[in-house]
Amino acid sequence: MKRRQFTNLSLFLLGLTLANCGQRQDSPTSLTSSGGDSVRIWWSQGYYPEETEAIRRLVQQWENDSGLPVELTLYSEGDILQEAERAISAGNPPDVLYSHDADLTFIPKLAWNNQLADVSSVIEAAESLYSPAVLNAVKYLNKTTGERSYYSAPITQMTNHIHYWQPLLSSLGQGEEAIPEGWDQFWAFWEQAQAPIRNQGRSDFYSMGLPMSASASDTFFVFEQFLAAFDVELVNSTGDLQVDKAQVREGIAQALSAYTQFYKQQYVPPEATNWGNADNNVTFLSRSTLMTINPTLSIPGSQRQDQSTYQQQLVTTPWPNKPNGDPMTSMVSIKQVVIFESSKYKDEAKKLLSYLIEPDNLKLYIQGSQGRFFPVMPQLLEDPFWQDSNDPHISTASKQFYRTRPFAQALNPAYSEVQSQNIWGTVIAEMVTKDLSAQAATDRAIAAIKTIFQDWQ
């Protein structure tokens, strides 16, 4: 391994270690504590210090302006949902909760079970600031009322990004302009690069770093983008499951076949079947793979201190067009703040929520994430921070948020259990380790999904 390669990997691992050390605490960090009765906020600790500082400043400013006591407690992302579940079981949840991962598995269930406060008054006052796709993602079904309503406030969003190493492409005499836009041609481009790079003395090199494990949430997150590429809509706009339709079933099989063939044809490291969420990052940053797909911009974010790597060597590139030639639609995960129905301070918490989603305040918080999360308000996405071509990663990635689609749990809360059980990761792992066919894997996934929807209470 070259010295610069070792330095890049070391910087990433150091950053990851520091982030984990900062988050894996014996007790949560309370940044503002007024004592006695107060509006209690539980918030995911920021990936970057600027993110944490931004929410601390905003909450403190609101406390000063409103005169209402606030207690802000930061939890690691690995702990916050578990702590919230314990608090709910004990009948003592916080008033306000924000978790980076809650939209995929947690919030839809809470809304369904009538455990979240209806925040329609907050969202409707700011409706014109949001895109319709974002608003649709936070209008959840409540089994008690039998109706949909706004049960959370959207503040950021994220999607899958493609990264590659330009020096490795340059060693083949190719630049970014050589990357095709067509679906089949795009993937063939990366496949064809593997042998020439291996011939340079890299026998352990692979062209793609894609997760294939049943344990990594990245597996289903990335695969959902392949489902979107094949125009698969598992749930319709009214929340009805569509998996028995022949077109949907065939689209699932096509997406599964397309995704797993990279592994089967040995373009993906064999260890990918055991990867956790960080492993594709580490493998890519060691330059053992040419390209990878990753939710958020955490990979380029880890290289900011090395401007040569950030600006010239590491590239974020657009997704190809769909197989039918249409532009790609990005699957987005909408990050949301909720208020619990049992809160003693619902009115005060709603005022705080209204304050947090004011564009100037939201801008301060989102920019603190340094591109890890993106704005949910179109006017904020037009800010120079997101469009500045001097930042090749953020400016490229921002273009993905003009054509978006939320995950299916926004349409039917039962799909949150599909994500919790990682149904897609499970059948993908079986396809590449047990030679399960695409049709058999499709049947297995559909059966599991239908059982979840039938058993949903």
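**Figure 1. Phe-407, at 2% relative accessibility, counts as buried.** Here buried means under 20% relative accessible area, exposed means over 50%, and partly exposed is in between, using a 1.4 Å probe and protein chains only. This is a predicted model, in which local features need pLDDT of at least 70 and side-chain atom pairs count only at pLDDT 80 or more, while totals for chains, interfaces and linings use all residues. Residues are numbered from 1 along each chain as its sequence is written, and side-chain values use heavy atoms, with hydrogens and water left out. Phe-221 is buried too, with a relative accessible area of 3%.

**Figure 2. Aromatic pairs, with 26 counted in the model.** Rings of Phe, Tyr and Trp (for Trp, its six-membered ring) pair if their centres lie within 6.5 Å; planes under 30 degrees apart are stacked, over 60 edge-to-face, and the rest tilted. Trp-43 and Tyr-365 make an edge-to-face pair, with 5.7 Å centre to centre and 90 degrees between the planes. Trp-43 belongs to strand 2 (residues 39-44) and Tyr-365 to helix 16 (residues 359-368), so their pairing ties together parts that are 322 residues apart in sequence. Helices (H or I, at least four residues) and strands (E, at least two) are DSSP runs, numbered from the N terminus. Both Trp-43 and Tyr-365 are buried. Returning to the residues of the opening view, Phe-221 and Phe-407 form a tilted pair, 4.9 Å centre to centre with 55 degrees between the planes. Phe-221 lies in helix 10 (residues 217-229) and Phe-407 in the loop between strand 14 (404-406) and helix 20 (415-420), so this pair ties together parts that are 186 residues apart in sequence.

**Figure 3. The largest nonpolar core has 76 residues.** A nonpolar core is a set of buried Ala, Val, Leu, Ile, Met, Phe, Trp, Tyr and Cys residues joined through side-chain atoms within 4.5 Å. Trp-187, Trp-190, Phe-226, Leu-234 and Trp-424 touch the most other members. The core lies between two domains, because domain 1 (30-158 + 334-406) and domain 2 (161-331 + 410-455) both give residues to it. The domain bounds come from an automatic or database domain assignment. Apart from this core lies another, of 52 residues, including Tyr-150, Ile-366, Phe-374 and Ile-394. As general background, nonpolar side chains tend to be buried together in soluble globular proteins.

**Figure 4. Leu-234 and its surroundings.** Which residues does Leu-234 touch, not counting those up to four places away in sequence? They are Leu-227, Asp-240, Leu-241, Gln-242, Val-243, Val-248, Ile-252, Tyr-415 and Trp-424. Contact means heavy atoms within 4.5 Å.

**Figure 5. Charged ends over aromatic rings.** The charged end of Lys-139 sits over the ring of Tyr-150, 5.0 Å from its centre. Arg-198 places its charged end over the ring of Tyr-206, 4.7 Å from the centre of that ring. The test asks for NZ of Lys or CZ of Arg within 6 Å of the ring centre and within 35 degrees of the ring normal.

**Figure 6. Salt bridges, with 14 counted in the model.** A salt bridge is a side-chain nitrogen of Lys or Arg within 4 Å of a carboxyl oxygen of Asp or Glu. In the bridge between Lys-109 and Glu-417, the closest N and O atoms are 2.9 Å apart. Lys-109 lies in helix 5 (residues 107-112) and Glu-417 in helix 20, so the pair ties together parts that are 308 residues apart in sequence. Lys-109 is partly exposed at 23% relative accessible area, and Glu-417 is partly exposed at 21%. Asp-244 bridges to Lys-450, with the closest N and O atoms 3.2 Å apart. Asp-244 sits in the loop between helix 10 and helix 11 (246-264) and Lys-450 in helix 22 (residues 438-455), so they tie together parts that are 206 residues apart in sequence. Asp-244 is exposed, with 52% relative accessible area, whereas Lys-450 is partly exposed at 26%. Glu-341 and Lys-346 form a salt bridge whose closest N and O atoms are 3.0 Å apart. Through shared partners, salt bridges join Asp-244, Arg-249, Asp-443 and Lys-450 into one network.

**Figure 7. Two non-glycine residues with positive phi.** Gln-370 has phi near 55 degrees and lies in the loop between helix 16 and strand 13 (374-375). Asn-422 has phi near 50 degrees and is found in the loop between helix 20 and helix 21 (423-433). Gln-370 is buried at 17% relative accessible area, and Asn-422 is buried at 5%.
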